[in-house]
Amino acid sequence: MLEIQGLSKTFDGRPILKGVDLSLEKGEVLAVLGPSGGGKTTLLRCMNFLERADGGTMVFQGKRMDMPSLSRREIAAYRRHTAFVFQNFNLFSNKTALQNVTEGLITARKMPRAEAEERGMEALARVGLADKRDAWPSQLSGGQQQRVAIARAVAGQPDVIFFDEPTSALDPELIGGVLDVIQQLAEDGMTMVVVTHEIHFARSVSDRVLFMDAGQVLADEPTADFFEEQKVERIRTFLRSLERKEN
Ligand SMILES: Nc1ncnc2c1ncn2[C@@H]1O[C@H](COP(=O)(O)OP(=O)(O)OP(=O)(O)O)[C@@H](O)[C@H]1O
Ligand SMILES: [Mg+2]
């Protein structure tokens with residue numbers, strides 16, 4: 001469904017992504033793991049054109065796109081099929097939960113308000129927050145705010161959702177509720193790319209793991225192989241260091 005070849009990106013002359021290839025099947029959950037500063041966020045942002053790649057080709061639903069030269073109109077058309085969930089939720093603080101979910105449908109997609117609200121309520125119900133429709137973000141916990149952000153992503157009926165460390169800004173006791181929602185989306189067949197440090201979650205929910213270090217893909221393999229038969233010493237060291245942190 002989505003394929004990328006040779007994605008490269010430099011910041012201030014420093015190479016951050018050094019020719020990344022990946023492919024994503026419909027219904028697949030790809031976990032992106034790797035050490036801090038390895039380029040995971042940059043990869044995800046380039047994939048949704050929040051950051052402009054210096055080189056690379058994307059094939060999305062059969063359409064071939066040159067990533068550096070894609071026009072604004074083509075980007076907008078592509079983004080009708082995608083959604084992005086940020087680490088810090090990025091909700092409008094002066095809009096209610098439901099308004100946050102419907103805003104994009106009404107303004108960008110010109111959907112009639114009644115229809116947008118119907119879709120918005122379905123999406124809020126899906127993340128277990130139908131009763132919070134009129135709450136302001138400040139009245140919601142971090143976990144609830146992130147679930148509203150996920151409802152907003154879902155309401156656009158995207159073909160793929162990108163998550164950038166969706167639980168890393170949350171208190172430990174709020175992480176589970178957000179991961180449960182993402183797991184449910186996976187079970188419903190949503191195609192997702194999830195950057196995460198939650199190893200147990202990656203292991204139980206993802207179909208494949210892509211490991212990034214210093215702008216390069218060190219591994220891209222089925223989840224079971226990645227965790228159980230890891231041959232790259234650098235990755236084994238990384239996994240061991242996470243286990244130590246968790247214990
Ligand atoms: N806008 C920017 N301008 C300059 N350098 C940047 C910018 N964004 C990222 N970088 C640099 O690119 C490198 C990769 O950053 P990135 O945020 O993609 O890493 P990451 O794998 O997501 O790390 P983390 O796990 O800490 O979130 C880092 O060295 C970072 O300092
Ligand atoms: Mg990051």
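Reader: Which elements each supply at least two residues of the lining of the largest pocket, and which gives the most?

Author: In this predicted model, the elements that each supply at least two lining residues of the largest pocket are α2 (72-79), β6 (82-85), α3 (97-107) and α5 (142-155). Among the contributors, the one that gives the most to this lining, with six residues, is α3.

Reader: What is the volume of the largest pocket?

Author: The lining of the largest pocket, taken by class, has 14 nonpolar, seven polar and six charged residues. The space of this largest pocket comes to a volume of about 750 Å³.

Reader: Which residues of that lining are the closest to the centre of the largest pocket?

Author: The largest pocket, at about 750 Å³, is lined by 27 residues. Those closest to its centre are Arg 79, Thr 82, Gly 104, Ala 108 and Arg 109.

Reader: How much space lies in the second largest pocket, and which element gives the largest share of its lining?

Author: The second largest pocket holds about 180 Å³ of space. Of the 10 residues in its lining, the closest to the centre are Ile 199, Arg 203, Phe 227, Leu 239 and Glu 243. Two elements give two or more residues to this lining, namely α7 (199-205) and α9 (233-246). By class the lining of this second largest pocket has four nonpolar, one polar and five charged residues, and its largest share, six residues, comes from α9.

Reader: Which residues have the most contacts inside the largest nonpolar core?

Author: In soluble globular proteins, nonpolar side chains tend to be buried together. Here the largest nonpolar core has 40 residues, and those with the most contacts inside it are Val 148, Ile 150, Ile 161, Phe 163, Leu 185 and Met 192. The elements that each supply at least two residues of this core are β6, α3, α4 (113-126), α5, β7 (160-164), α6 (172-187), β8 (191-195) and α7.

Reader: Which residues does Ile 150 touch, leaving out those up to four places away in sequence?

Author: Ile 150 is one of the residues with the most contacts inside the largest nonpolar core. When residues up to four places away in sequence are not counted, Ile 150 touches Val 85, Val 127, Phe 163, Val 178, Val 181, Ile 182 and Leu 185.

Reader: What separates Arg 236 and Glu 233 in helix α9?

Author: The side chains of Arg 236 and Glu 233 meet in a salt bridge, at 3.6 Å from N to O. Both are partly exposed, Arg 236 with a relative accessible area of 35% and Glu 233 with 43%. Because they are three residues apart in helix α9, the separation is about one helical turn.

Methods
Residues are numbered from 1 along each chain as its sequence is written. Chains are lettered from A and ligands numbered from 1 in the order in which they are written. This is a predicted model: local features need pLDDT of at least 70, side-chain atom pairs count only at pLDDT 80 or more; totals for chains, interfaces and linings use all residues. Side-chain values use heavy atoms; hydrogens and water are left out. On a 1 Å grid over the protein atoms alone, a cavity is a set of points where a 1.4 Å probe fits but cannot get out, and a pocket is an open set with protein on both sides within 12 Å along at least five of seven lines; lining residues have an atom within 4 Å of a point. Grid points are joined across faces, edges and corners, and a volume is the space filled by probe spheres set on the points. Helices (H or I, at least four residues) and strands (E, at least two) are DSSP runs, numbered from the N terminus. Ala, Val, Leu, Ile, Met, Phe, Trp, Tyr, Cys and Pro count as nonpolar, Asp, Glu, Lys and Arg as charged, and the others, Gly among them, as polar. A nonpolar core is a set of buried Ala, Val, Leu, Ile, Met, Phe, Trp, Tyr and Cys residues joined through side-chain atoms within 4.5 Å. Buried means under 20% relative accessible area, exposed over 50%, partly exposed in between (1.4 Å probe, protein chains only). Contact means heavy atoms within 4.5 Å. A salt bridge is a side-chain nitrogen of Lys or Arg within 4 Å of a carboxyl oxygen of Asp or Glu.
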